[in-house]
Amino acid sequence: MKLLISALTKYLAGLLMMGVLLFLPAGTLQYPNGWLFCGLLFVPMLILGVVLFCKAPELLEKRLRTKETQTAQKQVIGVSALMFIVGFVLAGLDFRFGWTRVPHWIVGTASVLLLISYGLYAEVMRENAWLSRSVEIQEGQTVVDTGLYGIVRHPMYAVTTLLFLSMPLILGSWISFAVFLIYPVLMVKRIRYEERLLEAE
């Protein structure tokens, strides 16, 4: 019950926060790209959450745990949060004032890419039972080198990079896309720290 309440609270808080960050700057609820994005993001998220709650509650608990202990990782998380806030607010403002426009075919392609990324995200979680949101070593942990891990060294970071870079394109904002280009740089820093920790411990 505690896990269920925690998951639902974070889900609803995320949905509410996204609505505020997008539609308030847009100055209207008549923001089609905003509704499209929220649907593509939160419907699969709900489905995945239900599956994890029923099939792998321990993994769901790990994915909900976001507390970092290392200063370097706290900085990465902090800058990432700022990137999301600025990027979403600028997307809303971009729609409101018409600064840039993303062609419909790019919005459609980005939408498909987001859904594919979500599918790969779920597959990575299926393959790696130690997949925590925070960088840590867990008891009994081993190196996963099968499935997507046999193709890409860090499939979760690769998938989230595709997922997050598709978001501003779905929202129809090149300005927001420019802000989200910070994300791959942040992941390089996170990966370097994580690999040092794995090698050491």
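What follows is a short chat about a few helices in this model.

Reply: Heads-up: this is a predicted model, where local features need pLDDT of at least 70, side-chain atom pairs count only at pLDDT 80 or more, and totals for chains, interfaces and linings use all residues. Residues are numbered from 1 along each chain as its sequence is written, and side-chain values use heavy atoms, with hydrogens and water left out.

Me: Ok. How do α2 and α5 cross, roughly parallel or roughly antiparallel?

Reply: Roughly parallel (angles under 35 degrees). The axes of α2 (residues 32-55) and α5 (residues 104-127) cross at roughly 15 degrees and come within 11 Å. Axes here are lines fitted to C-alpha atoms, for helices over the stretch in contact, with angles from 0 to 180 degrees between N-to-C directions. Helices are DSSP runs (H or I, at least four residues), numbered from the N terminus.

Me: Which residues of α2 and α5 meet?

Reply: On α2, they include F37, L41 and L48, and α5 brings, among others, L114, Y118 and M125; contact means heavy atoms within 4.5 Å.

Me: And by class, what's in that contact of α2 with α5?

Reply: 15 nonpolar, 2 polar and no charged residues. Ala, Val, Leu, Ile, Met, Phe, Trp, Tyr, Cys and Pro count as nonpolar, Asp, Glu, Lys and Arg as charged, the others, Gly among them, as polar.

Me: Switching to α1: what follows it?

Reply: G27, with a positive phi near 75 degrees.

Me: Which residues of α8 are buried?

Reply: Among them are Y183, R190, E194 and E195; buried means under 20% relative accessible area (1.4 Å probe, protein chains only).

Notes. Helices (H or I, at least four residues) and strands (E, at least two) are DSSP runs, numbered from the N terminus. Angles under 35 degrees count as roughly parallel, over 145 as roughly antiparallel, 65 to 115 as roughly perpendicular and the rest as oblique. Buried means under 20% relative accessible area, exposed over 50%, partly exposed in between (1.4 Å probe, protein chains only).
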